[in-house]
Amino acid sequence: MKCEIFLTVFTLVVYTKSDFSDSVGHSNIKLFENVASETEENFVISPLSVWSLMTTLSFEAGGKSRTQIKKAFFLPKESRLVKNEYINLTNTVQEASEGVWSSAFNESDTTVEPFYDEYGKEIGKVNMMNQKYPFPYSNMYEMSSMVLEMPYGNDQKYCMLILLPHPSVTVREVYESFQNVSFRDIFIKLKSDEEEFDLTEVDVKIPRFKIDTNVVINKALNSMGVYDIFEPGLANFKRMTDEQVYISSIIHKADIEVTESGTVASASSTSIFENRIVTPIFTANKPFIFLIMEKPTATVLFSGIYSKPIQF
C-alpha cells in the first residue's frame with residue numbers, strides 16, 4: 001500500500017530551546033540548497049513545516065526509517081524531548097502568516113524599474129517599492145552579501161531578512177556560505193553594527209512580489225539521507241500500522257506575497273558601504289535571498305529566492 005503525503009504550509013509560532021531551533025535551521029539549509037539546485041525560478045519553502053511533518057513521521061517510524069529521519073533533521077535520540085517541543089512548535093497564529101511591516105511602504109512611491117541577472121544584464125521589469133527608514137543592516141563579509149532586517153509589527157518578534165549578494169557574487173555562493181554562518185550570527189552582526197553606528201536611515205528598494213511553490217521534495221530528502229520511507233520493501237511504519245505501507249511522495253506547497261503593507265505567506269545598483277556618512281542604498285534589483293524569521297529563536301519560518309522579475 002502506498003501513502004501520499006501532501007504538505008500544506010502554515011506559519012507556526014515557535015517557543016523552542018536553542019537546540020531545536022538549530023535543528024530546524026540545519027535542515028532548512030539542506031532543503032534550501034536542494035530545492036534551489038532543482039529550479040531556476042522564484043521559490044519559497046517553509047522549512048519549519050517540513051521539519052514538523054518529518055518529526056511526526058519519526059514518531060510513527062521504526063528501524064532505519066526512523067534513524068534516517070532523526071539524523072537528517074537533527075532530532076535528539078529521546079522521543080520525549082522531541083514530542084515536548086513539537087507540541088510548542090505546532091501552534092498556528094495569524095500574526096506570523098499575515099505580517100504587517102513596522103514601517104510600511106507608500107504605494108505612491110512604487111515605480112516600474114529594471115531588474116538584472118547576476119551578471120548585470122537587464123532581464124525584465126518589476127514594481128519596485130521604495131522607502132527611507134532606519135532599518136538594521138550590515139555587510140556580511142563571510143557571506144559576500146549585504147543583509148537588511150525589516151521587522152513586522154511593534155514587538156520585533158518577526159522580521160524579514162534580505163540577503164543581497166555583492167557584485168559578481170551569485171545567490172548560490174551566498175546560500176552555500178550558510179555552511180559556516182548561522183542565522184544567529186547574522187542577528188549578532190546586525191546588533192553589533194547597530195550598537196557601534198546606531199540605526200541609520202537606509203534608502204530601501206525591493207520588488208513587490210508573489211510566489212507560489214509546489215514541489216515534490218523526495219529527491220531533496222534522499223540527498224539528506226532519507227531513503228527507506230519511500231521504498232515498498234524497506235519502509236518501516238510498524239508503530240502506525242501492521243500493514244506494509246510506504247510514502248510515494250511528499251509534496252510541499254508554499255506561497256508568499258510581499259506588498260507595500262507587509263507580507264502574506266499560506267546587479268549594477270548595489271552599494272557596499274563601510275561608513276555611515278551618507279545615506280546607504282539597499283536596492284534589490286537583482287537576485288536575492290529572503291527569509292522570514294522568528295527573531296528571538298532565530299528560527300526560519302519561510303525562505304526563498306527571488307531571481308525572475310514579475311510585475312505583481
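Two residues are in contact when heavy atoms of theirs lie within 4.5 Å. By this criterion, in the predicted model, Arg-208 touches Thr-110, Asn-127, Met-129, Val-258, Thr-259, Glu-260, Ile-310 and Phe-312, with residues up to four places away in sequence left out of the count. Arg-208 is located in the loop that runs between β11 (202-207) and β12 (209-216). Its relative accessible area is 18%; because buried means under 20%, Arg-208 is classed as buried. Two of the contacts of Arg-208 can be described at the level of atoms. The side chain of Arg-208 forms a polar contact of 2.9 Å with the side chain of Glu-260.

Phe-183 belongs to helix α7, which spans residues 183-197. Between Phe-183 and Leu-161 the separation in sequence is 22 residues, and the C-alpha to C-alpha distance is 9.9 Å. Burial was also found in helix α3 (residues 63-72), where Ser-65, Arg-66, Gln-68, Ile-69, Lys-70 and Ala-72 are buried.

Backbone angles were examined next. Most residues other than glycine have a negative phi. Phe-74, which is not a glycine, has a positive phi of about 55 degrees. This residue comes just after α3, in the loop between α3 and α4 (79-89). With a relative accessibility of 41%, Phe-74 counts as partly exposed. Ser-144 is likewise not a glycine, and its phi is positive at about 50 degrees. The loop that holds Ser-144 lies between β8 (137-140) and β9 (145-151). Ser-144 counts as partly exposed, at 27% relative accessibility.

Empty space in the model was then considered. Rolling a probe the size of a water molecule over the atoms shows where such space is left. The largest pocket holds about 380 Å³ of space. Its lining consists of 18 residues, and those nearest the centre of the pocket are Thr-39, Glu-40, Glu-118, Val-171 and Ser-307. Helices α1 and α6 (171-176) each contribute at least two residues to this lining, and the largest share, three residues, is that of α6. Sorted by class, the lining of the largest pocket comprises eight nonpolar, four polar and six charged residues.

The second largest cavity holds about 40 Å³ of space. Asn-28, Ile-29, Phe-32, Glu-33, Tyr-175 and Phe-178 line this cavity. Helix α1 (residues 18-38) provides the largest share of the cavity lining, namely four residues. The lining of the second largest cavity is made up of four nonpolar residues, one polar residue and one charged residue.

The mean pLDDT of the chain is 81, and a value of 70 or more is reached by 80% of its residues. Over residues 90-95, however, the pLDDT is below 50, and in the model this stretch has twelve contacts beyond near neighbours in sequence. Residues 267-277 also have a pLDDT under 50, and for them the model has 30 contacts beyond four places in sequence.

Methods: Residues are numbered from 1 along each chain as its sequence is written. Side-chain values use heavy atoms; hydrogens and water are left out. Buried means under 20% relative accessible area, exposed over 50%, partly exposed in between (1.4 Å probe, protein chains only). A polar contact is a pair of N or O atoms within 3.5 Å; within protein, one must be able to donate a hydrogen and the other to accept it, and residues adjacent in sequence count only if both atoms are side-chain atoms. On a 1 Å grid over the protein atoms alone, a cavity is a set of points where a 1.4 Å probe fits but cannot get out, and a pocket is an open set with protein on both sides within 12 Å along at least five of seven lines; lining residues have an atom within 4 Å of a point. Grid points are joined across faces, edges and corners, and a volume is the space filled by probe spheres set on the points. Ala, Val, Leu, Ile, Met, Phe, Trp, Tyr, Cys and Pro count as nonpolar, Asp, Glu, Lys and Arg as charged, and the others, Gly among them, as polar. pLDDT is the predictor's confidence in each residue, from 0 to 100.
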